[in-house]
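This report describes selected features of strand pairing, helix geometry and ring contacts. The sequence and the model are shown below.

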Amino acid sequence: MPREQGRKLVASNRKAYHDYAILDTYEAGMVLTGTEVKSLRAGRSSLVDAFGHENQGEIFLHGMHIPEYTQGTWTNHEPRRVRKLLLKRDEIHKIMGKLRDDGVTLVPLSVYFQNGYAKVELGVAKGKKSYDKRQDMAERDAKREINRAMGRRAKGMS
């Protein structure tokens, strides 16, 4: 059977873009069990409260929830277990160097299948203050209003 091609999104962490300023992104593979992969293929996963952590020169993903596979038996997995991430050695060193700064954390942005392999997109992120969040929302609203006005003008409405 041929491997599926393209990218299939399973879960995304939209709140991360609201709460954090994303400095850099990385793509990593995940070490998963069979029932975890089947549950992900069914589109079931949550990145709420998930974060990346370095331990003994390796990066692990904590707090990602993959519910138990419904047709699974006693071989089913633990829903919130710690999962090892597969990155190249130089990427791990870059991430660890950035994580040494104050207020910087590793946040999963999305989980997807790329050419049949389960991947996670990680963001090296710095937390936003509440005034930064308000400023971003004001900029977004201003852009939306400009686009509306340009659309009305192009249609000849005003």
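How many bridges join strand E2 to strand E7, and do the two run parallel or antiparallel?

## Strand pairing around E7

The model is predicted. Strand E2, residues 20–30, is joined to strand E7, residues 117–127, by nine bridges, and the two strands run antiparallel. Within this pairing, Gly29 has Lys119 of E7 as its bridge partner.

E7 also pairs with strand E6, which spans residues 104–114. Here 10 bridges are found, and the arrangement is again antiparallel. Val107 is bridged to Gly123 of E7. E6 and E7 form a hairpin in which two residues lie between the strands. Asn115, located in the turn, has a positive phi of about 50 degrees.

## Helix H4

Helix H4 covers residues 130–155 and contains 26 residues. From the first C-alpha to the last it reaches 38 Å, close to the 38 Å expected at 1.5 Å a residue. The residue that follows H4 is Gly156, with a positive phi near 80 degrees.

## Charges over rings

Two arginine contacts with aromatic rings may be noted. Arg7 lies over the face of Tyr112, 3.7 Å from the ring centre. Arg41 places its charged end over the ring of Phe113, at 4.3 Å from the centre of that ring.

Which count applies to aromatic pairs in the structure? The number is zero; because a pair requires ring centres within 6.5 Å, no two rings of Phe, Tyr or Trp meet that cut-off.

Note on methods: Residues are numbered from 1 along each chain as its sequence is written. This is a predicted model: local features need pLDDT of at least 70, side-chain atom pairs count only at pLDDT 80 or more; totals for chains, interfaces and linings use all residues. Side-chain values use heavy atoms; hydrogens and water are left out. Helices (H or I, at least four residues) and strands (E, at least two) are DSSP runs, numbered from the N terminus. The expected span of a helix is 1.5 Å times one less than its number of residues. Two strands pair if DSSP finds at least two bridges between them. Rings of Phe, Tyr and Trp (its six-membered ring) pair if their centres lie within 6.5 Å; planes under 30 degrees apart count as stacked, over 60 as edge-to-face and the rest as tilted. A charge sits over a ring if NZ of Lys or CZ of Arg is within 6 Å of the ring centre and within 35 degrees of the ring normal.
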